[in-house]
Amino acid sequence: MATEEVNKPPSLPPYPEMIFRAIEALNSENGSNKSTISKYIESTYGNLPTGHSSLLTHHLNMMKASGELVFWKNNYMKRDPTAPPRRGRGRPPKPKGPLPPSSVLSPPKPRGRPPKDPNAPPKPPKPVQMKVSSGTGKARGRPRKFPLATTMPSPPTPSGRPRGRPPKVKTSLTEVSVQQ
């Protein structure tokens with residue numbers, strides 16, 4: 001039992017309390033960053049647990065999430081109860097007006113397309129109707145890629161020459177004897 005009391009470190013206050021004391025003692029106008037808070041706690045309380053930096057980070061994040069601390073420009077500061085809340089980036093949400101007491105809220109619509117009913121009878125295919133153009137003789141939009149055979153011109157009659165550039169003529173080299 002005596003060995004347990006000797007090996008036991010002196011009791012430390014809870015981390016949130018140490019953090020608040022550090023911020024108050026440092027008394028910086030723009031708040032204090034994590035490293036200055038850590039240095040103050042180390043110098044004041046001395047014998048800290050081995051995972052001090054991870055414990056400090058965890059408690060700072062928890063206090064920031066709960067609203068006890070405000071994190072602004074990489075500094076932590078105590079929340080001022082009279083100050084308005086700081087606005088984040090982007091457009092602020094529209095204020096919601098009070099609803100009349102007689103109105104009943106319906107549940108919001110689910111996202112996406114509703115599923116098909118498996119018990120519904122199959123729908124008959126729709127008949128294809130030709131659309132009537134409005135006054136001009138041309139149909140709207142881009143012309144079809146392969147028009148009907150009746151409107152296609154007949155292919156040109158082949159002439160004696162083939163299409164394209166004629167092949168290059170290769171000259172054959174002949175051996176010439178030179179006499180002196």
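**The hairpin and the helix contact**

Modeller: Lys73 takes a positive phi near 50° in the hairpin of strand 1 and strand 2, which has two residues between the strands. Helices (H or I, at least four residues) and strands (E, at least two) are DSSP runs, numbered from the N terminus. This is a predicted model, in which local features need pLDDT of at least 70 and side-chain atom pairs count only at pLDDT 80 or more, while totals for chains, interfaces and linings use all residues. Residues are numbered from 1 along each chain as its sequence is written, and side-chain values use heavy atoms, with hydrogens and water left out.

Biologist: How many bridges join strand 1 to strand 2?
Modeller: Four bridges join strand 1 (residues 69–72) to strand 2 (residues 75–78), and the two run antiparallel; strands pair if DSSP finds at least two bridges between them. Trp72 has Asn75 of strand 2 as its bridge partner.

Biologist: And what is phi for Asn74?
Modeller: Asn74 has a positive phi of about 65° although it is not a glycine, and it is found in the loop between strand 1 and strand 2. Most residues other than glycine have a negative phi.

Biologist: Is Lys73 buried or exposed?
Modeller: Lys73 counts as exposed at 70% relative accessibility, and Asn74 is exposed too, with a relative accessible area of 53%. Buried means under 20% relative accessible area, exposed over 50% and partly exposed in between, with a 1.4 Å probe and protein chains only.

Biologist: Changing topic, at what angle do helix 2 and helix 4 pack?
Modeller: Helix 2 (residues 15–26) and helix 4 (residues 52–66) pack at an angle of about 80°, with their axes 10 Å apart. That makes helix 2 roughly perpendicular to helix 4, a label for angles of 65 to 115 degrees.

Biologist: Which residues make the contact?
Modeller: From helix 2 they are Tyr15, Pro16, Ile19 and Phe20, and from helix 4 they are His52, Leu55, Leu56, His59, Leu60 and Met63, where contact means heavy atoms within 4.5 Å.

Biologist: How many aromatic pairs does a search of the whole structure find?
Modeller: The search finds one. The ring centres of Phe71 and Tyr76 are 4.8 Å apart and their planes are at 50°, so the pair is tilted. Rings pair if their centres lie within 6.5 Å, and planes under 30 degrees apart count as stacked, over 60 as edge-to-face and the rest as tilted. Phe71 counts as partly exposed at 33% relative accessibility, whereas Tyr76 counts as buried at 7%.

Technical notes:
Axes fitted to C-alpha atoms, helices over the stretch in contact; angles between N-to-C directions. Parallel < 35°, antiparallel > 145°, perpendicular 65-115°, else oblique. Phe/Tyr/Trp six-rings, centres within 6.5 Å; stacked < 30°, edge-to-face > 60°.
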